[in-house]
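Colleague: I'm new to this one. Can you walk me through the side chains?

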Amino acid sequence: LGLVLSLVVTVNASAQLVAGTPQDEFFGRVVDATDPNERLELAMEFAQEFPDSIVMGQIYTMIMTIYNQQQNSPSAIEYGEKAIALEESNVEALIALTYNLALNRGNLTQAIEYGQRALAAIETMRATEPRAGYTPESWNEYADNLQASAEGYLTYAETIR
């Protein structure tokens, strides 16, 4: 899940930044960082330096993904909620929130709501043109993978509630 999410964030965000600007160059440094700790540090710096950036939702999603990979659920939840505060149908963040809240048996009602919102957002996503870098086939495959994750985590949250 984390690898898929980070690839999508990279493609989506870089398409929104003006090439050669300080934000674009800094974002490139974040994306190019291969060490997760370095990437996390750079993403946090980006958030401080460019708090009103058009790609802040993607930065928060990237931070959330790293925390998720590090099994730091409280921080993953914190940044997932920041991401959906900016982009209420951020599928990647909704899925990660469903997963983390269910895993920790935290707010299961909220986990279920996030899972349901993720599934609705995936349906909307399927009706749109593929994002840059995707063919129609790879876009559908990506949506299928997201849907499988969302359904699995939602079912788990419903089961343990």
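Colleague: Let's start with Arg-131. Is Arg-131 buried, partly exposed or exposed?

Modeller: Arg-131 is partly exposed, with a relative accessible area of 22%. The cut-offs: buried is under 20% relative accessible area, exposed is over 50%, and partly exposed is in between, using a 1.4 Å probe and protein chains only. One caution: this is a predicted model, where local features need pLDDT of at least 70, side-chain atom pairs count only at pLDDT 80 or more, and totals for chains, interfaces and linings use all residues. Residues are numbered from 1 along each chain as its sequence is written, and side-chain values use heavy atoms, with hydrogens and water left out.

Colleague: Which side chain does Arg-131 meet in a salt bridge?

Modeller: Glu-92, at 3.5 Å from N to O. A salt bridge here is a side-chain nitrogen of Lys or Arg within 4 Å of a carboxyl oxygen of Asp or Glu. This pair links distant parts of the chain, 39 residues apart. Glu-92 is in helix α6, while Arg-131 sits in the loop between α7 (108–126) and α8. Helices are DSSP runs (H or I, at least four residues), numbered from the N terminus.

Colleague: And Glu-92, buried or exposed?

Modeller: Glu-92 is buried, at 5% relative accessible area.

Colleague: How many salt bridges does the structure hold?

Modeller: It holds 5 salt bridges. One of them joins Glu-78 to Lys-82, with the closest N and O atoms 3.6 Å apart. Both residues lie in helix α5 (residues 73–86), 4 residues apart, about one turn of the helix. Glu-78 is partly exposed at 38%, and Lys-82 is partly exposed at 30%.

Colleague: What about Glu-113? Which residue is its salt-bridge partner?

Modeller: Arg-117, again with the closest N and O atoms 3.6 Å apart. They are 4 residues apart in helix α7, so about one helical turn separates them. Glu-113 has a relative accessible area of 36%, and Arg-117 has 27%; Glu-113 counts as partly exposed, and so does Arg-117. There is also a network: salt bridges with shared partners join Glu-123, Arg-126 and Asp-144.

Colleague: Switching to rings. How many aromatic pairs are there?

Modeller: There are 10 aromatic pairs. Rings of Phe, Tyr and Trp (its six-membered ring) pair if their centres lie within 6.5 Å; planes under 30 degrees apart are stacked, over 60 edge-to-face, and the rest tilted. Among them, Phe-27 and Phe-46 are edge-to-face, 6.3 Å centre to centre with 75 degrees between the planes. That pair links distant parts of the chain: Phe-27 is in helix α2 (residues 22–32) and Phe-46 in helix α3 (residues 36–49), 19 residues apart. Phe-27 and Phe-46 are both buried.

Colleague: Why is the pair of Tyr-99 and Tyr-153 called tilted?

Modeller: Because their planes are at 55 degrees, with the ring centres 4.9 Å apart. Tyr-99 is in helix α6 (residues 91–103) and Tyr-153 in helix α8 (residues 136–160), 54 residues apart. Tyr-99 is partly exposed at 27%, and Tyr-153 is partly exposed at 23%.

Colleague: Back to the Phe rings. Which ones form a cluster?

Modeller: Ring pairs link Phe-26, Phe-27, Phe-46 and Phe-50. Arg-29 lies over the face of Phe-26, 4.8 Å from the ring centre. The test is NZ of Lys or CZ of Arg within 6 Å of the ring centre and within 35 degrees of the ring normal.

Colleague: Last one. What does Asn-100 touch?

Modeller: Asn-68, Ser-73, Ala-76 and Ile-77, not counting residues up to four places away in sequence. Contact means heavy atoms within 4.5 Å. Asn-100 lies in helix α6 and is buried at 1%.

Terms used. Helices (H or I, at least four residues) and strands (E, at least two) are DSSP runs, numbered from the N terminus.
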